[in-house]
Amino acid sequence: AIANLSAILPAETSVYSVAPSLELYTSAESCPMCMSAIAWSGFGRVVYGTSIPFIAQHGGAQIEIRSAEVVAKAPATIILEGGFLANETDPLYLPSATAAPGNDGGHHHHHD
């Protein structure tokens with residue numbers, strides 16, 4: 001995403017100077033590693049559908065550190081909104097959906 005953004009910005013504009021005005025939408029709550037990268041990138045808002053506990057309760061392997069915990073310790077302010085369209089994203093993380101060939105058992109995000 002950062003490389004794509006760099007390609008459309010004027011050469012003199014740093015991605016990190018515009019990042020606080022950017023929003024990231026993802027189908028699932030980010031794992032601690034991804035949320036840390038998002039925080040360091042400086043995104044101003046993150047919106048996700050399915051929560052880590054939902055994925056874990058349905059058999060998806062998860063590290064039980066929530067995005068809100070990472071955001072609380074981040075150096076910049078990030079608005080975090082969970083449960084967005086969860087009625088549509090939760091089915092993506094049910095065992096029947098994660099049994100598809102090539103699926104990693106629940107640790108996947110559909111970043112848009």
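Analyst: What follows is a set of questions and answers about this structure, which is a predicted model.

User: What is the order of the strands in the open sheet?

Analyst: Strands S1 and S2 pair in the parallel sense over 5 bridges, and S2 (residues 45–50) pairs with S3, also in the parallel sense, over 3 bridges. S1 and S3 therefore stand at the edges, each with a single partner strand, and one side of each is left without a neighbour in the sheet. Neighbouring strands of this sheet are turned by 15 degrees against each other on average, with direction ignored. The order of this open sheet of 3 strands is S1-S2-S3.

User: Which residue in S3 is the bridge partner of Arg-45?

Analyst: Strand S2 covers residues 45–50 and pairs with S3, and on its other pairing, with S1, the bridge partner of Leu-24 in S2 is Val-46. For Arg-45, the bridge partner in S3 is Ile-79.

User: How many residues of S2 are buried?

Analyst: A residue counts as buried when its relative accessible area is under 20%, and of the 112 residues of the protein, 40% count as buried. Strand S2 is described as mostly covered, and the number of its buried residues is 6 of 6.

User: Against which elements do the buried residues of H3 pack?

Analyst: The buried residues of H3 are Pro-32, Cys-34, Met-35, Ile-38, Ala-39 and Ser-41. To take one of them, Met-35 is in contact with Ser-30, Val-46, Ser-67, Val-70, Val-71 and Ile-78, leaving aside its neighbours within four places in sequence. Taken together, the buried residues of H3 pack against helix H2 (15–18), S1, S2 and H5.

User: Is Ser-67 buried or exposed?

Analyst: Ser-67 is found in helix H5, and, leaving aside its neighbours within four places in sequence, Ser-67 is in contact with Glu-29, Ser-30, Met-35 and Leu-80. Its relative accessible area is 1%, and because the cut-off for a buried residue is under 20%, Ser-67 counts as buried.

User: How many disulfides does a search of the whole structure find?

Analyst: A disulfide needs two cysteine sulfur atoms within 2.5 Å. The cysteine sulfur nearest to that of Cys-31 belongs to Cys-34 and is 3.5 Å away, and Cys-31 is in no disulfide; Cys-34 is likewise in no disulfide. Cys-31 counts as buried, at 7% relative accessibility. The number of disulfides found in the whole structure is 0.

User: What kind of aromatic pair do Tyr-25 and Phe-84 form?

Analyst: The count of aromatic pairs comes to 1. Tyr-25 lies in strand S1 (residues 23–28) and Phe-84 in the loop between strand S3 (79–81) and helix H6 (86–89), so the pair ties together parts that are 59 residues apart in sequence. Tyr-25 is partly exposed at 30% relative accessibility, and Phe-84 is partly exposed at 44%. The ring centres are 6.0 Å apart with 65 degrees between the planes, and the pair is edge-to-face.

User: What is the phi of Leu-85, a residue other than glycine?

Analyst: Most residues other than glycine have a negative phi. Leu-85 sits in the loop between S3 and H6 and is partly exposed, at 40% relative accessibility. The phi of Leu-85 has a positive value, near 55 degrees.

Conventions. Residues are numbered from 1 along each chain as its sequence is written. This is a predicted model: local features need pLDDT of at least 70, side-chain atom pairs count only at pLDDT 80 or more; totals for chains, interfaces and linings use all residues. Side-chain values use heavy atoms; hydrogens and water are left out. Rings of Phe, Tyr and Trp (its six-membered ring) pair if their centres lie within 6.5 Å; planes under 30 degrees apart count as stacked, over 60 as edge-to-face and the rest as tilted. Helices (H or I, at least four residues) and strands (E, at least two) are DSSP runs, numbered from the N terminus. Buried means under 20% relative accessible area, exposed over 50%, partly exposed in between (1.4 Å probe, protein chains only). Two strands pair if DSSP finds at least two bridges between them. Axes are lines fitted to C-alpha atoms, for helices over the stretch in contact, and angles run from 0 to 180 degrees between N-to-C directions. Contact means heavy atoms within 4.5 Å.
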